[in-house]
Amino acid sequence: MKVTEYFKQANQQTLISFEVLPPLKGGQMQDIFDALDPLMEFKPPFIDVTYHREEFIYKKRASGYYEKTAIRKRPGTVGICASIMHRYGVDAVPHLICGGFTEEDTENALIDLHFLNINNVLALRGDARQFEGKFVPEAGGHEYALDMVKQVVDMNNGKYLDTNIENGAHTDFCIGIAGYPEKHFESPNLELDLQYTKAKIDAGANYIVTQMFFDNQKYFAYVDACRAAGINVPIVPGLKPLTKLYQLNSIPRLFHLDMPADLVKAFSEAKTPEARLTVGIEWCVAQSKELKAAGAPCLHYYTMGDSSTIRRIAENVY
Ligand code: FAD
């Protein structure tokens, strides 16, 4: 079923969903099941699976020279989605990115999903590769997530890249996109970022999932700004608890967001890893309860390989 159908059926109740990462290459499907099994009692109607493009690594050769090699450390998104649907009978939402994909690759990926009866997709641009200063689209690929949204919509209308195809099968994808309460880091300002977000909605995207945030006021202000800009689709808050000391710096660096002073103070003053974990969990529980009370359509938790912490949070909220 489509993610937006779940929102409609929920009748103002706040749903719960989770995002998982494919295991590192060499891992196995059981790793995902081990992460998800403890979370399924909360009855998520859908689970997102991230997509990870190739990265470049430099291998030292016997000659002393370094060879640049492309590797994908976390392949398997589509297979994981199919396995999740098969095992749990819930919907899976594969993330699909522009980076590393030609339009033809994207079309073929969507055909695979359609044949697997996967009717949801989160359409994303992806980030710049490591060692590349800015995002570089694949030759013959999309520069912005907007272009991917348009391609998915075309396929929903039976329109394929090969214009010789007449009466092509209509796919039926529900399309999610990313949103940034603290603005996308490349965007000069939130207003412009919202214009581009609106362009994706106008092109046919159906809902927004936000980047993580630690201050609910940022989410509430973002929803207000979206509504003022004419964006009227469901906006799902993405949540991740702060759990480790190094994340005080790594999360702002990687996700381009501010940490509230109260959280930073409480976390820094906690003396042990368990005390810090308790602070992070309590903060995320408080965020979750407030978002739920405010009528958020769904709370979407980024598990990031730590589903036991997410379980401790969900137990206090659902
Ligand atoms: P876009 O919508 O293309 O926007 C990128 C930037 O370009 C923004 O600054 C925007 O304002 C600007 N822009 C947009 N359209 C235009 C235009 N027409 N002209 C000029 N400027 C424009 N990354 C992964 O690699 N794999 C994942 O699985 C993944 N999952 C994610 C899930 C969520 C919920 C979120 C919030 C992010 C996720 N990301 C993932 C990260 C995402 O790929 C990056 O944040 C990326 O930098 C931007 O993606 P986007 O889809 O928002 O891009």
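Is K8 buried or exposed? I will come to that in a moment, after a word on the model.

This is a predicted model, where local features need pLDDT of at least 70 and side-chain atom pairs count only at pLDDT 80 or more, while totals for chains, interfaces and linings use all residues. Residues are numbered from 1 along each chain as its sequence is written, and side-chain values use heavy atoms, with hydrogens and water left out.

Back to K8. At 60% relative accessibility, K8 is exposed. The cut-offs are these: buried is under 20% relative accessible area, exposed is over 50%, and partly exposed is in between, with a 1.4 Å probe and protein chains only.

K8 has a partner. E5 makes a salt bridge with K8, and their closest N and O atoms are 3.4 Å apart. By salt bridge I mean a side-chain nitrogen of Lys or Arg within 4 Å of a carboxyl oxygen of Asp or Glu. E5 itself is partly exposed at 29%. Helices here are DSSP runs of H or I of at least four residues, strands are runs of E of at least two, and numbering starts from the N terminus.

The structure holds 16 salt bridges. R311 is partly exposed at 22%, and E315 is partly exposed at 42%.

E54 and R129 form a salt bridge with closest N and O atoms 2.8 Å apart. E54 is in the loop between β2 (46-49) and β3 (55-60), and R129 is in the loop between β6 (120-124) and α5 (145-156), so the pair ties together parts 75 residues apart in sequence. E54 is buried at 17%, and R129 is buried at 13%. The two also belong to a salt-bridge network that links R53, E54, R129 and E132.

Last, the cysteines. How many disulfides are there? With a disulfide taken as a pair of cysteine sulfur atoms within 2.5 Å, the count is 0. C98 is in no disulfide, and the nearest cysteine sulfur, that of C81, is 17 Å away. C98 is buried, at 1%. For C226, the closest cysteine sulfur is in C298, at 17 Å, which is too far for a bond. C226 is buried too, at 0% relative accessibility.
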